[in-house]
Amino acid sequence: MTSTKQNWRSDEFDDDDMERSYSTQRTAIDLGLTILAFILLGVALLPLGLVIAFVIIRGGSRLNFDLFTGQIPAAGLEGGGIAPAIIGTLMVVGIAAAISIPFGVLAGIYLSEFSSGKIARWIRFFTNVLSGVPSIIMGLFAYGVVVLTTNTFSAFAGGFALAILMLPIVVRTTDESLQLVPPQVRWASTGVGASNFQTVLKIVLPAALGAILTGVTLAIARAAGETAPLIFTVLFSQFWPTGIWQPIPTLSVLVYNFAAVPYENQQELAWAASLILVLLILLTSISARIAARKSIY
Amino acid sequence: MPTHRKQQEEARDQHSVVDESEAVLRTENVKVTYGDTLALRDVSMDVPKNQVTALIGPSGCGKSTLLRCFNRLNDLIDGCKVEGKVFYRDKNLYSSKIDPVSVRRRIGMVFQKPNPFPKSIYDNITYGAKVNGFKGDMDELVEQSLQRAALWGEVKDKLKENGLSLSGGQQQRLCIARAIALKPEVVLMDEPCSSLDPVSTERVEDLIHELKEDYTIVIVTHNMHQATRVSDFTAFFNAEESDDGSRFGYLVEYDRTERVFEDPQEEATQKYVSGKFG
Ligand SMILES: Nc1ncnc2c1ncn2[C@@H]1O[C@H](COP(=O)(O)OP(=O)(O)O)[C@@H](O)[C@H]1O
Ligand SMILES: [Mg+2]
């Protein structure tokens with residue numbers, strides 16, 4: 001012990017008068033790395049800025065009242081809008097949400113609150129696998145299960161494909177949000193004589209609601225922009241959607257169909273639709289952030 | 001382990017410390033294991049009615065574990081197994097006929113870290129009443145409970161605010177109010193002041209003095225001054241290495257608080273209360 005004490009001297013460090021200096025090696029490296037980090041940040045943000053700027057410049061010219069009310073023009077015609085596609089996207093995403101949210105949230109509750117270790121581990125594993133499956137495979141699956149059995153391309157088939165896409169995200173965010181609620185709060189609830197079920201329903205779930213809502217909204221934003229699973233489930237149409245058992249127009253498929261055709265009017269609409277799609281996703285993401293601010297733990 | 005045996009024998013003799021008829025809670029050879037690890041063994045003690053009983057001892061000797069046996073909260077911990085008997089009046093809490101949920105209304109609990117529900121102050125009090133099917137006047141219950149917990153004056157104008165917005169000391173008194181709103185017979189407190197400042201601690205200790213008139217209180221504390229200030233009876237626990245090297249807790253001495261602190265019968269107690277270890 002005495003030997004360490006003897007070695008315990010401070011004169012082995014650089015002598016430093018504690019005043020700020022710009023010449024030492026340490027300060028120079030510090031400054032250099034800070035500048036480098038800034039540049040790299042700029043490079044990373046560049047694509048995002050460019051995409052948004054590009055979409056605004058190309059799509060902005062058609063951003064008018066007609067865009068939101070007009071019908072989708074046939075090839076070679078002038079004017080028109082993308083109203084049916086906006087409604088179509090909302091319909092498909094609505095169907096997807098209606099299917100995936102109840103199942104996903106319940107599965108998440110089961111995982112976090114009622115399952116035992118081993119089963120939960122396997123379910124979590126397969127949920128992760130599911131979220132890694134490429135979206136086109138979801139489309140293929142929906143095609144096989146819904147389109148072939150009902151003999152028609154339909155909004156429902158697309159919603160089903162997107163629902164499977166959203167499901168793992170909803171399950172995982174619910175599971176994770178519930179686990180954020182501290183065990184002490186559950187104990188407190190049990191301690192005043194609440195049953196397990198009451199504790200989950202009245203204490204844990206409300207406390208996690210903000211976080212769950214955030215996850216669900218992000219899942220919706222993700223699904224809204226998907227194209228691949230819709231191409232061979234919802235297909236496309238130029239007309240107003242009148243039901244869920246028929247092909248309908250959607251924003252993403254409209255972009256896919258119109259962006260590379262030789263008609264200028266349709267190309268412009270494709271850009272305008274891209275802009276709306278980006279705005280829609282931006283809006284959902286912002287509302288997700290607002291919901292997140294309400295979360296308690 | 002002959003010394004250990006001897007201590008057990010004596011601990012059992014100390015049954016007589018509390019008049020049998022006055023005991024509200026009684027344990028008989030309670031042994032608790034977490035998975036394969038023994039945490040606590042051979043605890044036999046009586047908790048007297050309308051008195052404050054303190055559980056003291058070094059960290060990890062199983063004070064919290066024993067406390068959780070009294071309202072079956074150990075049920076929530078995976079792998080926790082309780083053997084032996086825990087009587088509340090004449091009922092064995094661990095018999096299969098007992099519904100743990102109804103045990104917990106009668107035997108309330110205040111935790112180490114204040115843990116109000118993430119709900120309004122008002123709802124923090126009424127939640128337990130609602131899940132237990134309380135049919136009386138909620139407003140009255142809220143006011144009375146908060147008044148008993150010496151919190152009413154501070155919060156009466158903001159009952160709709162979230163319980164988490166209160167200070168630590170206020171949160172803990174809210175948790176006490178929440179526990180006594182259920183009109184329990186016993187209130188278990190697990191180091192209720194360990195995360196509070198001295199002023200809040202004093203308020204909570206005053207509160208414990210007042211509550212004693214109506215409730216039986218079991219309090220875990222690592223603060224020996226607190227034990228002498230608030231308790232009538234004191235149980236000293238210690239931990240010992242078992243053969244496989246893991247530590248388990250056991251009851252060393254149980255007596256009136258003055259006796260434990262002024263005239264302890266065991267050497268370990270003597271050392272602990274005089275601050276020589278732990
Ligand atoms: N939830 C738990 N899971 C596993 N072991 C536990 C758990 N809680 C406590 N223990 C073990 O039980 C022993 C007693 O712990 P505890 O009752 O918390 O002691 P104290 O409250 O006296 O500090 C310790 O060895 C601890 O590691
Ligand atoms: Mg403890």
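Reader: How many Å separate an oxygen atom of ligand 1 from a polar backbone atom of B:C61?

Author: This is a predicted model, in which local features need pLDDT of at least 70, side-chain atom pairs count only at pLDDT 80 or more, and totals for chains, interfaces and linings use all residues. Residues are numbered from 1 along each chain as its sequence is written, chains are lettered from A and ligands numbered from 1 in the order in which they are written, and side-chain values use heavy atoms, with hydrogens and water left out. A polar contact here is a pair of N or O atoms within 3.5 Å; within protein, one must be able to donate a hydrogen and the other to accept it, and residues adjacent in sequence count only if both atoms are side-chain atoms. For B:C61 the distance is 3.3 Å.

Reader: What share of the area of ligand 1 does the protein bury?

Author: Backbone atoms also approach ligand 1 at B:G60, 2.7 Å from an oxygen atom, and at B:G62, 3.1 Å from an oxygen atom. Taken alone, ligand 1 exposes 550 Å² (Shrake-Rupley method, 1.4 Å probe; for residues, only the protein chains shown count as cover). The share buried by the protein is 62%.

Reader: Which helix gives the largest share of the shell around ligand 1?

Author: The shell (residues with a heavy atom within 4 Å) includes B:Y34, B:K63, B:S64, B:T65 and B:R68. Helices are DSSP runs of H or I, at least four residues, and strands are runs of E, at least two, numbered from the N terminus. The largest share, four residues, comes from helix α2 (residues 63-70) of chain B.

Reader: Is B:T221 buried or exposed?

Author: B:T221 sits in the loop between β8 (216-220) and α9 (224-230) of chain B, and a polar atom of its side chain is 2.9 Å from the backbone nitrogen of B:N223. Beyond its neighbours within four places in sequence, B:T221 is in contact (heavy atoms within 4.5 Å) with residues including B:K63 and B:E191. Buried means under 20% relative accessible area, exposed over 50%, and partly exposed in between, with a 1.4 Å probe and protein chains only. At 2% relative accessibility, B:T221 is therefore buried.

Reader: What is the phi of B:E191?

Author: Most residues other than glycine have a negative phi. B:E191, in the loop between β7 (186-190) and α8 (198-211) of chain B, is buried because its relative accessibility is 10%. Although B:E191 is not a glycine, its phi is positive, at about 40 degrees.
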